[in-house]
Amino acid sequence: MTGLKHWLLAAGVVLFAACSGGADGTKSDAGAAKPIVLGFSQIGAESEWRTANTVSIQGAARDAGITLRFSDAQQKQENQIKALRSFIAQRVDVIAFSPVVETGWETVLREAKTAKIPVILTDRAVEVSDESLYVSFIGSDFVEEGRRAGRWLTEYYSTGKGKDFKGDINIVELQGTVGSAPANDRKAGFAEIIAADPRYKVIRSQTGDFTRAKGKEVMEAFLKAEGRKINVLYAHNDDMAIGAIQAIEEAGIKPGTEIIIISIDGVKGAFEAMMAGKLNVSVECSPLLGPQLMSTVKDVVAGKQIPKRIVTEESVFPMETAAQEFPKRKY
Ligand code: AHR
């Protein structure tokens, strides 16, 4: 090949790269690939679920070639609002966040809209009067998770191991973070199902803020007040159930048999508790939202039509299935 031919070939490659853009949806600017910049505000690290969610988002961003600006709000809404404002000031391409509570987002979301920065909600929803303030919401159906927990319980006492039980079924409930979508919705979904039978009585209900430490502390208080009157614990997440199991054992009561325990998430810690016979069922809530988020981010930047709601598919894991399922668990 002559020197001229070499030069023409090289020039052609440079020209093609400048015109075509990155294969992964990134924009090219005068030959230099410009990766999409995503600002992500995470709630914190309150649970095993949340840690898995962070790992999923960080890994998926790396795999997708998206530059991630990650901010941890330590479970405070004010920190999330600050993070969102800082992403707007940095003029990121897309903002995504998992809102700690449902209300109080209208102003900052309007600021993002004015700055023409699309916002994607992941995991938790917001309550806003104007739905155009976000482009899509990717995450679980928390009401349905609560219903699944309720259905498992009513089947347990109607056709399952508890079918010979007589009298009222006294339930204590460990709620998630006050004002959060999963706490509100899981409470509502569960209540809807048990309302069909007056034997089910929620005798205590308090927040454990989705943490093990708080779950244990609140369960200790429930046991002090109600003792062996408690038949069932419904925890809005596995971490609180795991904390509560410690409190139950310390009170000399057998979790999983003397108190039936239902929780939500399906983290590995819950599977271990189920295999030890201490937790009866975990309703799945998948934290592995990273890949779906990254492909939605690319679609938004590419100007594609995005579904307003993307619901995660999930199952229910009773303790009898735990040993078989455990090796397949990814979080
Ligand atoms: O929003 C999802 C919930 O938040 C998970 O169930 C819980 O474990 C987490 O902290």
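**Group meeting: pocket, strands and cores**

The largest pocket is lined by E284, S286, L288, E313, F317, E325, K328, R329, K330 and Y331. On a 1 Å grid over the protein atoms alone, a pocket is an open set of points where a 1.4 Å probe fits, with protein on both sides within 12 Å along at least five of seven lines, and lining residues have an atom within 4 Å of a point. This is a predicted model, in which local features need pLDDT of at least 70 and side-chain atom pairs count only at pLDDT 80 or more, while totals for chains, interfaces and linings use all residues. Residues are numbered from 1 along each chain as its sequence is written, and side-chain values use heavy atoms, with hydrogens and water left out.

By class, the lining of the largest pocket has six charged, three nonpolar and one polar residue. Here Asp, Glu, Lys and Arg count as charged, Ala, Val, Leu, Ile, Met, Phe, Trp, Tyr, Cys and Pro as nonpolar, and the others, Gly among them, as polar.

Next, the strands. These are DSSP runs of E of at least two residues, numbered from the N terminus. Strand β10, residues 232-235, is covered on both faces: V232 and Y234 on one side and L233 and A235 on the other are all buried. Buried means under 20% relative accessible area, exposed over 50%, and partly exposed in between, with a 1.4 Å probe and protein chains only.

What does β10 pair with? Strand β8, residues 169-175, runs parallel to β10 and is joined to it by four bridges; pairing takes at least two DSSP bridges. In that pair V172 stands opposite L233. Strand β11, residues 260-265, also pairs with β10 in the parallel sense, over three bridges, and there Y234 stands opposite I262.

Now the cores. A nonpolar core is a set of buried Ala, Val, Leu, Ile, Met, Phe, Trp, Tyr and Cys residues joined through side-chain atoms within 4.5 Å. The largest has 51 residues, and those with the most contacts inside it are L153, I171, M219, L233, I259 and I262. A second, separate core of 26 residues includes I43, V101, V108 and V128.

Q75, at about 60°, sits in the loop between β4 (67-72) and α3 (77-90). Q75 is partly exposed, at 26% relative accessible area. D123, at about 75°, lies in the loop between β6 (119-122) and β7 (136-139). D123 is buried, at 4%.
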